[in-house]
Amino acid sequence: MSDEARKEIYNVILMINHPTERLEVITAALGIEPHHKWQAGQPRTTPTGTLLPGVNRETYWGFSDGIAGHRYFFETVVELLEKLEAAAEYMQYLLATGGRISLVVHLPGHTNIGDSLAP
């Protein structure tokens, strides 16, 4: 990969928080494997597995798609949204039962890689 391609890097991150939903239910409904996750009510741990005091207050399910060498980040966002469209009813359920859903485009700032989203 060229030096210029290495500069064009971004992450598209999908995060779901919910007071009680099971991780395996979220994963099955979305058809996407999470990169980070923890279950409400389970003991808290560090990423390396070290036990922390207390339990997780809510379920967290997180997916991150890191892209390098491709500057048009909205293409990746639209692809993810199209995949999630099949789970729209389930996502409405999550929101109606106290959940939060966030979609983040993280542009680390190595270079200016603006993009436009078509209507």
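Leaving aside neighbours within four places in sequence, which residues is Leu30 in contact with? I looked this up and found Leu14, Ile16, Trp61, Leu84, Ala87 and Met91, where contact means heavy atoms within 4.5 Å.

**Ground rules**

I note that this is a predicted model, where local features need pLDDT of at least 70, side-chain atom pairs count only at pLDDT 80 or more, and totals for chains, interfaces and linings use all residues. Residues are numbered from 1 along each chain as its sequence is written, and side-chain values use heavy atoms, with hydrogens and water left out.

**Inventory**

I listed four helices and six strands; these are DSSP runs numbered from the N terminus, with helices being H or I of at least four residues and strands E of at least two. Reading from the N terminus, I get the order α-β-α-β-β-β-β-α-α-β. The protein has 119 residues, of which 29% count as buried (buried is under 20% relative accessible area, exposed over 50%, partly exposed in between, with a 1.4 Å probe and protein chains only). I also checked contacts between residues at least 6 apart in sequence: 72% of them join residues at least 24 apart.

**Core**

Back to Leu30, which turns up again in the largest nonpolar core, a group of 19 residues. By my definition such a core is a set of buried Ala, Val, Leu, Ile, Met, Phe, Trp, Tyr and Cys residues joined through side-chain atoms within 4.5 Å. Leu14, Leu30, Ile32, Trp61, Leu80 and Leu84 have the most contacts inside it. Two or more residues each come from strand E1 (9–18), helix H2 (23–30), strand E5 (59–68), helix H3 (73–85) and helix H4 (88–96).

**Sheet**

Next I followed the open sheet, whose four strands stand in the order E2-E5-E1-E6 with antiparallel pairing; two strands pair if DSSP finds at least two bridges between them. Strand E2 (36–38) and strand E6 (100–106) are at the edges with a single partner strand each, so one side of each has no neighbour in the sheet. On average, neighbouring strands are turned by 10° against each other, direction ignored.

E1 and E5 pair over ten antiparallel bridges, and Asn11 has Gly66 in E5 as its bridge partner. For the packing angles I used lines fitted to C-alpha atoms, for helices over the stretch in contact, with angles from 0 to 180 degrees between N-to-C directions. H2 packs on the sheet, touching E1, E2 and E5, and makes about 45° with the direction of E5. H3 packs on the sheet as well, touching E1, E5 and E6, at about 30° to the direction of E1.

E2 and E5 pair over three antiparallel bridges; there I found Trp38 partnered with Tyr60 in E5.

**Two residues up close**

Outside four places in sequence, Met15 touches Tyr60, Trp61, Arg100, Ile101, Ser102 and Val104. I also took its C-alpha distance to Lys37, 22 residues along the chain, and got 9.6 Å.

Leu103 lies in strand E6 and counts as partly exposed at 35% relative accessibility. Beyond four places in sequence, Leu103 is in contact with Val12, Ile13, Leu14, Val77, Leu80 and Leu81. The C-alpha atoms of Leu103 and Leu81, 22 residues apart along the chain, are separated by 9.4 Å.

**Hairpin and pocket**

Strand E3 (residues 43–45) and strand E4 (residues 51–55) run antiparallel and are joined by two bridges, with Pro43 opposite Val55 in E4. Five residues lie between them in this hairpin, and Gly49 in the turn has a positive phi of about 100°.

Finally, I looked at the largest pocket, with a volume of about 370 Å³. On a 1 Å grid over the protein atoms alone, a pocket is an open set of points where a 1.4 Å probe fits, with protein on both sides within 12 Å along at least five of seven lines; lining residues have an atom within 4 Å of a point. Points are joined across faces, edges and corners, and the volume is the space filled by probe spheres set on them. Of the 15 lining residues, Lys37, Trp38, Thr45, Thr46 and Asn56 are the closest to the centre. E2, E3 and E4 each supply at least two residues of the lining.
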